[in-house]
Amino acid sequence: MDREWVVEESVAIKAEPSTVYAALADLRRMREWSEETFAVWVRGRSVETGTKFVGFNRISWRLWFTNCQVSAAVPGEVFAFRVSSFGIPVAIWGYRIEDIGDGSTRLTEYWEDLRRDTRGAGFVSLLGKVFTGVPAEQRAEVNRAGMRATLDRLRTALESR
């Protein structure tokens with residue numbers, strides 16, 4: 001099987017796009033949604049394009065952190081960030097937010113693996129395996145399962161408001 005470099009999952013949420021965006025852009029709440037993230041440290045108070053933050057993650061007993069920078073922050077439309085390790089690109093994580101009418105939103109979470117054709121890609125792939133226990137070739141599969149859980153948690157939280 002060929003390696004997957006891009007993964008995305010979607011869910012319909014009975015909430016307005018602005019509400020969905022607000023939940024995603026509040027990075028300190030990421031631990032409520034994500035299976036891997038247990039804490040986020042954000043530089044500054046506001047979250048906008050260019051904001052830097054550190055995500056603290058775990059799978060079982062394995063812990064690691066990621067350096068991130070918000071690359072897109074358009075309320076009600078898109079929220080995305082780039083992940084790097086030691087200055088080497090690792091991934092893009094993002095969310096597309098679409099109004100589907102009747103007070104509902106289609107939320108699509110996407111991930112793109114940037115560990116290819118760049119200087120240091122092999123190094124950060126090795127680091128990823130050491131710290132997460134997941135070989136780069138299996139990361140898409142792990143992320144797909146994590147996305148489904150994240151989207152389900154977001155949907156449940158936002159629809160119960």
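Two strands are taken to pair if DSSP finds at least two bridges between them, strands being DSSP runs of E with at least two residues and helices runs of H or I with at least four, numbered from the N terminus. The model is predicted, so that local features need pLDDT of at least 70 and side-chain atom pairs count only at pLDDT 80 or more, whereas totals for chains, interfaces and linings use all residues. Residues are numbered from 1 along each chain as its sequence is written, and side-chain values use heavy atoms, with hydrogens and water left out.

**View 1. Pairing of β2 with β3.** Strand β3 (residues 52-59) pairs with β2 in the antiparallel sense over five bridges. Val-42 stands opposite Phe-53, which belongs to β3.

**View 2. The open sheet.** Seven strands, in the order β1-β7-β6-β5-β4-β3-β2, form an open sheet with antiparallel pairing. At its edges lie β1 (6-13) and β2 (37-42), each of which pairs on one side only.

**View 3. Thr-108 in β7.** Thr-108 lies in strand β7 (residues 104-113) and is buried, with a relative accessible area of 2% (buried means under 20%, exposed over 50% and partly exposed in between, with a 1.4 Å probe and protein chains only). Its side chain joins that of Ser-10 through a polar contact of 2.6 Å, a polar contact being a pair of N or O atoms within 3.5 Å, of which, within protein, one must be able to donate a hydrogen and the other to accept it, while residues adjacent in sequence count only if both atoms are side-chain atoms. Residues up to four places away in sequence not being counted, Thr-108 touches Glu-8, Glu-9, Ser-10, Gly-94, Tyr-95, Arg-96 and Glu-98 (contact means heavy atoms within 4.5 Å).
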